[in-house]
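Subject: Structure for you to look at

Hi,

Here's the structure I said I'd pass on. Have a look at it first, and then read on for what turned up.

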Amino acid sequence: MEHAVSIRNLSKAFWKAPVLKALDFDLRKGEFAVVFGPNGAGKTTLLKLISTLMEPTAGSIFVYGFNAAEEPEKVRKEIGMLSHDSYLYGELTAKENLHFFGQMYGIGKQELEERIELFLNDVGIKGKADERVSTFSRGMKQRLSIARSLLHQPSLLLLDEPYTGLDPSASLVFEKLLNSQAFAGSSKIMVSHDLERGFALCDRVLILNSGKFVYDGLRKDFAGFEEFKEKCGSLLV
């Protein structure tokens, strides 16, 4: 199986207003793609469709060979998602949140304990493990969300503006985790408004505008970020 994600004729409309229009897209295993585009282009909708949080109006989505419409549970096990929404439970502690999500993914008890300790330490909130999430700042919640999204060592990471709420230190922690050996082989799709940072991280650049991909190319084809901005900047408005 060559592709981590395969999308065919994917469309989504809300109240008959089209948001995504007959998209075709393949993401190779291990590839890191970043999707840029203006507000309202459909970027977050695309990630929600791939993650099975939303159903398409038409078309098909396959994640590591699993049909998102027919086998959503299997698709979800392959995916880690980090977005504006933390998907955390405020009444639970940091550790309890990770226990809950780890059990959902069927991680064994001993292994789960080890991963929780490791990730809480990696994201810099080990000292807050037994505190309720409702008392956390936005930045701390985002750090815990990073641990949650990576806990089950997903094959596909979906990153929707992942730097929102992260201070510079936490941003470096996040990038270190993304580039760590544990996730070196994972496939990644990131939606970002931060052109320079997104360009620096990715292998492949896509631009989504008015519900369609208007550019799809490799980062290595550009001499650097300034050339990318010069050649593709007009597609981002």
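Which element gives the largest share of the lining of the second largest pocket? That would be β4, with three residues. Before I go further, please keep in mind that this is a predicted model.

Let me stay with that pocket for a moment. The second largest pocket has a volume of about 210 Å³. It is lined by 13 residues, and Met54, Glu55, Pro56, Ala68 and Ala69 are the closest to its centre. Besides β4, α2 also supplies at least two residues of this lining. If you sort the lining by residue type, you get seven nonpolar, four polar and two charged.

Now for the largest pocket, whose volume comes to about 400 Å³. There are 14 residues lining the largest pocket, and those closest to its centre are Leu53, Arg76, Ile79, Met104 and Tyr105. At least two lining residues come from each of α2 (72–78), β6 and α3. By type, the lining of the largest pocket has seven nonpolar residues, three polar and four charged.

Most residues other than glycine have a negative phi.

- Tyr87 isn't a glycine, yet its phi is positive, at about 55°. You'll find Tyr87 in the loop that runs between β6 (79–82) and α3 (94–104).
- Glu161 isn't a glycine either, and its phi is also positive, at about 50°. Look for Glu161 in the loop between β7 (156–160) and α6 (168–178).

Are these two buried or exposed, or something in between? Tyr87 has a relative accessible area of 31%, so it counts as partly exposed. Glu161 is buried, because its relative accessible area is 11% and the cut-off for buried is under 20%.

One last stop is Gly65, in the loop between β4 (58–63) and β5 (66–67). With a relative accessible area of 40%, Gly65 is partly exposed. How far is Gly65 from Gly102 in space? From C-alpha to C-alpha they are 23 Å apart, and in sequence they are separated by 37 residues.

Cheers

Conventions: Residues numbered from 1 in each chain as written. Predicted model: local features only at pLDDT ≥ 70, side-chain atom pairs only at ≥ 80, totals over all residues. Heavy atoms only, no water. Helix = DSSP H or I, 4+ residues; strand = E, 2+ residues; numbered from the N terminus. Buried < 20%, exposed > 50% of the residue type's maximum accessible area, 1.4 Å probe, protein only. 1 Å grid on protein atoms, 1.4 Å probe; cavity = no way out; pocket = protein on both sides within 12 Å on 5 of 7 lines; lining within 4 Å. Points joined across faces, edges and corners; volume = space filled by probe spheres on them. Nonpolar A, V, L, I, M, F, W, Y, C, P; charged D, E, K, R; others polar.
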